Amino acid sequence: MVYNRAENYYLEGMYGIQISFENHLFGAVETGVYAAFDGQRIVGICYVYKRMTEYEGEELYIGGIGGLAVAPEYRGRGCARKLVECALQKSYEIGVDVACLFTEKTETVYKLYEKFGYAYLNRDACYVDSLGKERTRDDVMILGLRNKSLAEKILTTDGRFSYGKEEGCW
């Protein structure tokens, strides 16, 4: 648990929990979740993911954060930054080589991710939806955690980047 007295909220990491969503388009399985609380009220949340994939024949663990949300009245107070910070630290601890997420370039949250070192992939990334159909996204951001050189390779070459053969992305 991380308490931020100045901003009147605290963060708690919850691991080993089972979270399930019926008909979830992305279908990714969460490794854990961080939640920010003000008293008993959840004011922010951020999910942590991890899975094996490969890039140009090299196996790697991708993961990172998804589903970042902060209640409007808590925005601009460092809550999202702290959620991302904690989730990335946990991602590193659980062996994520390259963090990835997607966010539309029209949403300003990408500026927060850039402060942590994320960069846009600038090409499509592939994933399998909950119906087993391969789909693409053109708004994926990449960050090297345990394998910065591989993240740089992913960002600067034009190989096919995929969330893997498992269903889902985040």
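1. A nonpolar core is here a set of buried Ala, Val, Leu, Ile, Met, Phe, Trp, Tyr and Cys residues joined through side-chain atoms within 4.5 Å, where buried means under 20% relative accessible area (1.4 Å probe, protein chains only). The model is predicted: local features need pLDDT of at least 70, side-chain atom pairs count only at pLDDT 80 or more, and totals for chains, interfaces and linings use all residues. Residues are numbered from 1 along each chain as its sequence is written, and side-chain values use heavy atoms, with hydrogens and water left out.

2. The largest nonpolar core has 26 residues, of which Ile65, Leu83, Leu88, Tyr113, Tyr118 and Met141 touch the most other members. Elements giving two or more residues to this core include β4 (41-55), β5 (58-70), α1 (79-93) and β10 (140-144); helices (H or I, at least four residues) and strands (E, at least two) are DSSP runs, numbered from the N terminus. The most, six residues, come from α1.

3. Another core, of 21 residues, lies apart from the largest one, and Val33, Tyr55, Val98 and Val140 are among its members.

4. Val140 sits in strand β10 and has a relative accessible area of 1%, so it is buried. Beyond four places in sequence, its contacts (heavy atoms within 4.5 Å) include Cys100, Phe102, Tyr120 and Phe161. Thr103 is 37 residues from Val140 in sequence, with 6.6 Å between their C-alpha atoms.

5. The buried residues of α1 are Cys79, Leu83, Val84, Cys86, Ala87, Leu88 and Ser91. Just after α1, Gly95 has a positive phi of about 95 degrees.

Methods. Buried means under 20% relative accessible area, exposed over 50%, partly exposed in between (1.4 Å probe, protein chains only).
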